[in-house]
Amino acid sequence: MESLAELRAREAEVAREWQWLHDALNTVARARAEHGDAAAFQLMQAQAMRVGQRRVELSLQIDQWQKPEARS
């Protein structure tokens, strides 16, 4: 099991990755919309969804670590 500090570091890393993907998706969506090609956008969107899910999982793990602290 990972420590709370390790989970928070991983959460921050995944948040940065998610933000990059989100920004890139917007850029690609604009560019592809102009050319009618959605394949690249769809691939990046799927990746962003996976990263977003990982963010949620890490947040839930952090919450589990923090619950015992709140009761102390």
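**A chat about the predicted model**

Biologist: Is E57 buried, exposed or partly exposed, and what is its relative accessible area?

Modeller: E57 is partly exposed, with a relative accessible area of 33%. Buried means under 20% relative accessible area, exposed over 50%, and partly exposed in between, using a 1.4 Å probe and protein chains only.

Biologist: What kind of model is this?

Modeller: This is a predicted model, in which local features need pLDDT of at least 70 and side-chain atom pairs count only at pLDDT 80 or more, while totals for chains, interfaces and linings use all residues. Residues are numbered from 1 along each chain as its sequence is written, and side-chain values use heavy atoms, leaving out hydrogens and water.

Biologist: Which residues make up the largest nonpolar core?

Modeller: There are 12 residues in that core, among them L7, V14, L25, A48, L58 and I62. Both α1 (4-35) and α2 (39-71) supply at least two of its residues, and α1 gives the largest share, with 7. A nonpolar core is a set of buried Ala, Val, Leu, Ile, Met, Phe, Trp, Tyr and Cys residues joined through side-chain atoms within 4.5 Å.

Biologist: Where is L7 found, and what does it touch?

Modeller: L7 is in helix α1 and is buried, with a relative accessible area of 2%. Leaving aside residues up to four places away in sequence, L7 touches E2, L58, Q61, I62 and W65; contact means heavy atoms within 4.5 Å.

Biologist: How far apart in space are L7 and A48?

Modeller: Their C-alpha atoms are 20 Å apart, and the two residues are 41 apart in sequence.

Biologist: Is L43 buried or exposed?

Modeller: L43, in helix α2, is exposed, with a relative accessible area of 63%. The C-alpha atoms of L43 and L25 are separated by 9.5 Å.

Biologist: Changing topic, what sits over the ring of W18?

Modeller: The charged end of R55 does, 4.7 Å from the ring centre. A charge sits over a ring if NZ of Lys or CZ of Arg is within 6 Å of the ring centre and within 35 degrees of the ring normal.

Biologist: Finally, what does the C-alpha trace span, and what is the radius of gyration?

Modeller: The C-alpha trace spans about 60 × 20 × 15 Å along its principal axes. The radius of gyration is 16 Å, whereas a compact globule of 72 residues would have one near 11 Å. That radius is taken over C-alpha atoms, and the globule rule is 2.2 Å times the number of residues to the power 0.38.

Methods: Helix = DSSP H or I, 4+ residues; strand = E, 2+ residues; numbered from the N terminus.
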